[in-house]
Amino acid sequence: MTSVEPVLDKDGVRLVVTDRTATVTLTDPARRNAQSPALWRALVEAGQALPGAVRVVVLRGEGPSFSAGLDRQAFTPEGLDGEPSFLDLARGTDKELDATIAGYQEAFTWWRRSDLVTIAAVRGHAIGAGFQLALACDLRIVAEDVRFAMRETGLGLVPDLTGTHPLVGLVGYARALEICVTGRFVQAAEAERIGLANLVVPADQLDAAASDLAAALLGAPRDAVIETKALLQGATRRGYEEQRAAERTAQARRLRDLAGLGD
């Protein structure tokens, strides 16, 4: 399927589909692509709107910053237009608050679907919720001016938009703890060295590099990519022997499919 018109364009999120690749763009550069519950709902809708033929999704931000994080207006008594203040949400029951946060997290979960490979193309600021959105993707290509930071702890909060699991998986517990608690910036060279970034490029080459990677990812058969991604995602929770068994099961399935003997 090829689309020249956006499949979705609302609340700071635009989705465009070209054949087997989709591009999700954050579209509020004047506010450094600050995030809000409305934007999160639009991200969920973008994931639901993906045609079945899509195999690779590129996530990017318009302007010089990927995303400066949550709009701080959410923490004022007035809140964001059309949204309850986070201060009012805090007065709800534990069950209500848990359900609300779980709903927000849905914007950050679909990027790891086994039938997709997702790429965050990140430049400038990726702070707090912006950092966590980049971490939600499978791969990250970053510009030389990138500045990652997890600022929630310094505000008396915790990172709660699914970013802690991938961060620990990428850089290890000790470094993840230090990054979160200090709130310091992680810039391009360090991001590549510690595993946050797969590739660093000049800012004017970022979109082209993401397109090149997307094309390379499309070179392998889809079913093999899905099986491989599932194997790698499960590796950290399996023991060595369990992982060996999972490899054997997956390979047997692939061999039968290639021989035309699949279910």
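A disulfide is a pair of cysteine sulfur atoms within 2.5 Å. The structure is a predicted model, in which local features need pLDDT of at least 70, side-chain atom pairs count only at pLDDT 80 or more, and totals for chains, interfaces and linings use all residues. Residues are numbered from 1 along each chain as its sequence is written, and side-chain values use heavy atoms, with hydrogens and water left out.

**Exercise 1.** Determine how many disulfides the structure holds, and explain the result for Cys137.

*Solution.*
- Step 1. The count of disulfides is zero.
- Step 2. The closest cysteine sulfur to that of Cys137 belongs to Cys180 and lies 18 Å away, which is too far for a bond.
- Step 3. Cys180 is likewise in no disulfide.

**Exercise 2.** State whether Cys137 is buried or exposed, and do likewise for Cys180.

*Solution.*
- Step 1. Buried means under 20% relative accessible area, exposed over 50%, and partly exposed in between (1.4 Å probe, protein chains only).
- Step 2. Cys137 has a relative accessible area of 0% and is therefore buried.
- Step 3. Cys180, with a relative accessible area of 11%, is therefore buried.

**Exercise 3.** Describe helix H9 by its span, its buried residues and their cover.

*Solution.*
- Step 1. Helices (H or I, at least four residues) and strands (E, at least two) are DSSP runs, numbered from the N terminus.
- Step 2. H9 (residues 222-235) has 14 residues and reaches 20 Å from first C-alpha to last, close to the 20 Å expected at 1.5 Å a residue; the expected span is 1.5 Å times one less than the number of residues.
- Step 3. Its buried residues are Glu227, Lys229, Leu231 and Gly234.
- Step 4. Their cover includes strand S5 (117-122) and helix H10 (240-258), where contact means heavy atoms within 4.5 Å.
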